[in-house]
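Hi everyone, thanks for making time for this one. Let me put the sequence and the model up, and then we'll walk through it together.

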Amino acid sequence: MRLSFLTKAPLAALLLLSQNLMAQQPVSDGVEMADKLRADGKIWVVVAVIAAVFAGIIIYLIRLDLQLGKLEKEVKEKKRSEQGIKL
């Protein structure tokens with residue numbers, strides 16, 4: 001279904017104007033949940049979990065890169081040996 005320009009323009013205008021209506025109202029006191037976590041000292045647990053997840057992802061990517069490097073090296077050596085046999 002293709003819409004003409006005359007139907008697209010009002011839809012785009014409504015979309016742009018509605019952004020202000022759907023925006024969240026600023027909280028003057030800050031975020032309650034974060035304040036509660038900071039007060040209880042649990043914010044550090046959250047930070048530790050996030051850091052552990054990122055460290056795991058980084059370690060995984062490094063290991064994956066090393067394995068791919070080894071495989072690429074093996075493929076290059078195999079191609080060179082096959083080319084040597086064909087000549």
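Let's start with Y60: buried or exposed? Y60 counts as exposed because its relative accessibility is 53%, and the cut-offs are under 20% for buried, over 50% for exposed and partly exposed in between, with a 1.4 Å probe and protein chains only. This is a predicted model, where local features need pLDDT of at least 70, side-chain atom pairs count only at 80 or more, and totals for chains, interfaces and linings use all residues. Numbering runs from 1 along each chain as its sequence is written, and side-chain values use heavy atoms, leaving out hydrogens and water.

Y60 sits in helix 3, residues 43-86; helices here are DSSP runs of H or I, at least four residues, and strands are runs of E, at least two. The protein has three helices and zero strands.

Now, the record: an unreviewed UniProt entry places a "transmembrane region" at residues 43-62. That stretch is 100% helix, with its end C-alpha atoms 29 Å apart.

Finally, confidence: mean pLDDT, the predictor's per-residue confidence from 0 to 100, is highest in helix 3, at 93, and lowest in helix 1, at 69.

Conventions: UniProt positions renumbered as here; feature names shortened; annotations may be inferred.
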